[in-house]
Amino acid sequence: MARHGISITAAHHPPAACSAAPRAVAAAVAALLATAPLMAQVDLGTEEQRAAGKVVYDKYCGQCHGDDGDGNGYATLRVKPKPRDFTTGKYKFRTTPNGMLPTDDDLRRAIEVGLPYTSMPGWPNLTSAEIDNVIYYIKSFSPDFENPDRYGEPIDIPPPLESTEESISRGRVVYEEQGCASCHGEVGRGDGPSAPTLVNDKGDPIKIADLTQRWTYRGGPTKEDIYRTFSTGLNGTPMPSYADSLEVEDRQHLVNYVYSLGDGDDPGYGTLITAVHAEEPIDLQNGDALDALFADAPMTRFPLVGQISEPGRNFYPSVTSIEAQAVYNRDEIAFRVRWNDLRADTTGRNGPSMDVPMWDEDNGIGGDAEDGAEDAADSGDFFGDFGGEEAPAAAEDDFFGGGDTGDDFFGGGDDGDDFFGGGDAGSGGAEFSDAVALQFPISLAEAGSPLKPYFLFGDSQNPVDLWFVNLTYGVADTFRGRGSDQVVPTEADIVEAVTSYDQGEWTVTYKRRRSSRAGISFAEQQYTPIAFSVWDGFNRERGNKRALSSWFYVYTEPSVQQAATLPVLRAAFLVLAIELLVVFLVRRRARQRAAGSDTAADAVAAAGAPAV
Amino acid sequence: MDGFNLPLLLALAAVAGALVWRRANTLTWLLFSWGALWAFFKFGFTVPIPQSVATIYLGITTLALVCFASSSRERLEEVTSPIVRLIREPRYRLPLAALLVALPALAAYNVHADMNVPLEAPGFGREVHPAPPTEITVHGETLDMATADNPYIHLHEDDPAAYEEHLENGRRVYYENCFWCHGDGMGGDGMFAHGLNPAPSNFNDGGTLPILQASFVHWRIALGAPGLPAGGTPWDSAMPAWEKFLTTEEMWDVNLFIYDFNGFEPRALGQH
C-alpha cells in the first residue's frame, strides 16, 4: 500500500514541474503516505460506533463469547471448539501473516459466513453497518488493536494452479516432506499420531481438520482458503505458517494435493439407502468378494448430530456424518457403514445402555478438570467390574440407582459433578471404546401410516432393534430398545459383523437374514426406517452420550428392474393413435358434410365462421 | 410478494398483455391459461408445492377450461374451428405433421422422466402446531391450558428490574440448552438443525410465536416431543421434555426470553 501511494504521488507530478520546493513537499507527502496505511489500519471507530456495536454484541455475541469478550459465555462449557476469547487478540482465520491481527474484512467474513461445523454461525440478519460497529466493539476487548506493530499487510493469494496430476503428486511430496501426516494423517482424515494430543495455547484440546471433508473446514473450502491457511497459519494452534519454509508454488501444489483429498465442497447428505440386489452369496470373511459386492451399491452420507434430548447429552460429538450402503440377495441383507475417527479406540468398554452421569456433557462444569479426571479413573474401576458391553443393562442401572429419569436422578446433579467433572478425552483415552449401531423398528407401520418408534432408542409401545458393534470386540450384539433407559440385550436375531480401521476410517459390515420372526423383515420394494448411532471412545462417548441420526430409510430395490423402453413406446403410440383417430374423424365428418350438403356450408366453414 | 417467483409472474402478465393487444382468439387464450397455470404451479413458488398438489390443481384447471370451452355451441365452434382447419386444410399439412410427431415425443419423454425420478424417502404430513390438550401436568403441577399464563409476564409492568432478571435467566437457559437446534439468532438453524427432521422451530418467523399462547409454548418446552399427539409425529421430533432438565421457573424464563429476543408478544388469553 505504501509503495502504491508514493507511485501515485509521483505520477501526478510531471518531471518538468519538479522544482526543489515542490520536490520537498512531495517527499514529505510521500513520507506521510508511507506511514499512513499503517496508521489507517488502527481504526477503532468512534465512541458512538463502539456503543452501537455493544448493543449488537450484547444481543447476539455475548452468550458465547462472554459479555466481557473473554470467551466465557453461557454456552462456553458446552461447546467445542470454545468461543474465541477476544481479549487475547489471537485469531485463527486471517489474511495477515502469522502472529498478526486480522483485518476488518477477516473479522467481517467470520461474522457473515461463520465457521462451519462449530457453534459460530453466520449472521446474515446483521446489516453491514451493524457488522462494522460490532467489529469496532470486538477490537476494543484487546489492547493489541491499538498497537500498529501488530498489524500486517494481507498476504498475496495467487490464482490457484490447475489440479493436474503432476501438481497433485508434487503436493503429495510436499505433504510428506513437511510432516503434515503426523497430525492430519496419511490420507488426511485427521488421524495422525499426534492428532489426539493437540491443544491450543490455552490448553484446550482441539480437533484437527479432517482434510477429506472439505465442508467442515472452518476457514472455508476453496483453494484460496486452503492457500491462505498454509501461508498465515492458525494463530494460537499448532498449525504453523509455511510462508517462510515453502515457496509459493509448492504451497500451491500442496493446495492441490489437499484439495484432491476431499469429496467435494458439499457433504451431499441423503435420506435414503438403496439396497441393491445381488445373486452372489454374502461372505463376510471374504474381504475382496465383499468389496466387489458393495462396489456397485450406491453410497449415501447421513448427517449425525449430538444426542441432546435425553440425559447423557452430547453437545460436541466427534463424528458428524456416516456413509452407508446396502446389498441383499435371496436370503440375506448386508449393510456397510463408514465414518472417520481420529483414533481407533479398541481397548475400552461401551454399550448403548451404559449410564452417563448428569453433567458429563459439560467441560468441567461445577468442578475443576483434575478432580474430574481422577474421579473418572475411579469410576472406570467400577465399570471395569462389569466386563464391558456384555454387562446386562439391568446391572448398570442398579449401580447408578435406576435408569429412571425422574427428579431424583437430576436432583443429584452435584453427584454428577463429582463423577466426571471434566475428565478429558486426551488423558485416559482407552476408557471407552469406539462403537456403532444401526437402529430399526421391530415391525413396519401399516401402509400410509407415518408411525415409527421414538428415534431415541424407541418407546414402550414401539420398540427398536439395535445392531450394536463395540469395536473392541468387532462382533455384533443385538439390543432391544423401548426408550433410552430401557435398552436390553436380545437374542432374537443373529447379526454378524466384520470391522476394520484403516487410515482414520472405520468400516463396519453387517449381515443378517432378510426375514425375521422377532424383528424387522426386509421384503423387496420396501421402505424400512433406519437410524444410526456412533460413539467415539476418545471423546468419552458411551450410552446416551453419542452421535445420532434422525430416522432415514433403506429401500430394497426390486431384484428384477423394469426397463423403461416398453412404457415409453406405449405412451408414444397411445398418443399417436388418439391423434390419428381425431384427424380421421374430423376429416371424415368434413367429407360427409361436403358430400351431403351444399358448397356454401363448406365455404362458410373454410372461412372460419361457426358452422351449424 | 415474498414466496412467489416474481420474474415468472411478470413474464406471464406480459404475455397476457400481448394476447389482449393482438386480440387473440379463444383457443389461444385457453392454451395460454393452461400453460400459464402449469408454469405457475411448477415454478411460481419459491418453496415448491408438492407434485401431487400441483397435479390436482392442474386437473381442476383443465376441467374448468373444458367446461368453459363447451359452455355454449358458439364457443365450442370458436374453439374447435382452428383445430379443424389445421387438420383439414392442405396448407397446414406441415405443421400438422410436426404436431403429430411432437405430442407422442412429449408423452414419451414425460414417461421416461417419470421412471427416472430419483428415489425419495417416503414423506408424511405433519401437524406443525397440533391442538394442545386442555390441561397439562408439569413437575406434578396441573395447568389449565386455556387460562395459564407466564407467571412473570406481569413483572414487565410491576417490577421491571425483576423482569430483567428473569429475562437474563432465560437467556442463560437458552444458550445453555436450546441454541444447538433453534440457533444463536433463533432462526431454527442451529448447528444440529441440519441433522434433525422435523427441523427445529424458527422463532424469527412471525407465523410461530405470535400466534401461540404462552401456555402453548410452555407445553412444548416442558413436555417436548414425547408430549405431542400422534399428528405431530412425536417419534421424529428431537425436542426434549425440558421438565427433565429444567425447573418450572427456568422454563417460564426462557419462554419470556424467546418472545423478548424476537420482539413478539404471545397471543392473548382467550384469543382464538
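Which residue does the side chain of A:R150 meet in a salt bridge?

1. The partner is A:D144, at 2.4 Å from N to O. A salt bridge here is a side-chain nitrogen of Lys or Arg within 4 Å of a carboxyl oxygen of Asp or Glu.

2. This is a predicted model: local features need pLDDT of at least 70, side-chain atom pairs count only at pLDDT 80 or more, and totals for chains, interfaces and linings use all residues. Residues are numbered from 1 along each chain as its sequence is written, chains are lettered from A in the order in which they are written, and side-chain values use heavy atoms, without hydrogens and water.

3. Look at the interface. Chain B puts 52 residues in contact with 70 residues of chain A; contact means heavy atoms within 4.5 Å. The buried area is about 5,400 Å², and carbon and sulfur atoms give 66% of that. Buried area is the accessible area (1.4 Å probe) that two parts lose on being put together, summed over both.

4. Three salt bridges are counted between chain B and chain A. One pair across the two chains is B:D236 with A:K452, at 3.4 Å from N to O.

5. Over all chains, the structure holds 33 salt bridges. Within chain A, the side chains of A:R330 and A:D331 meet in one, at 3.5 Å from N to O. A:R330 is exposed, with a relative accessible area of 67%. A:D331 is partly exposed, at 31%. Exposed means over 50% relative accessible area, buried under 20%, and partly exposed in between (1.4 Å probe, protein chains only).
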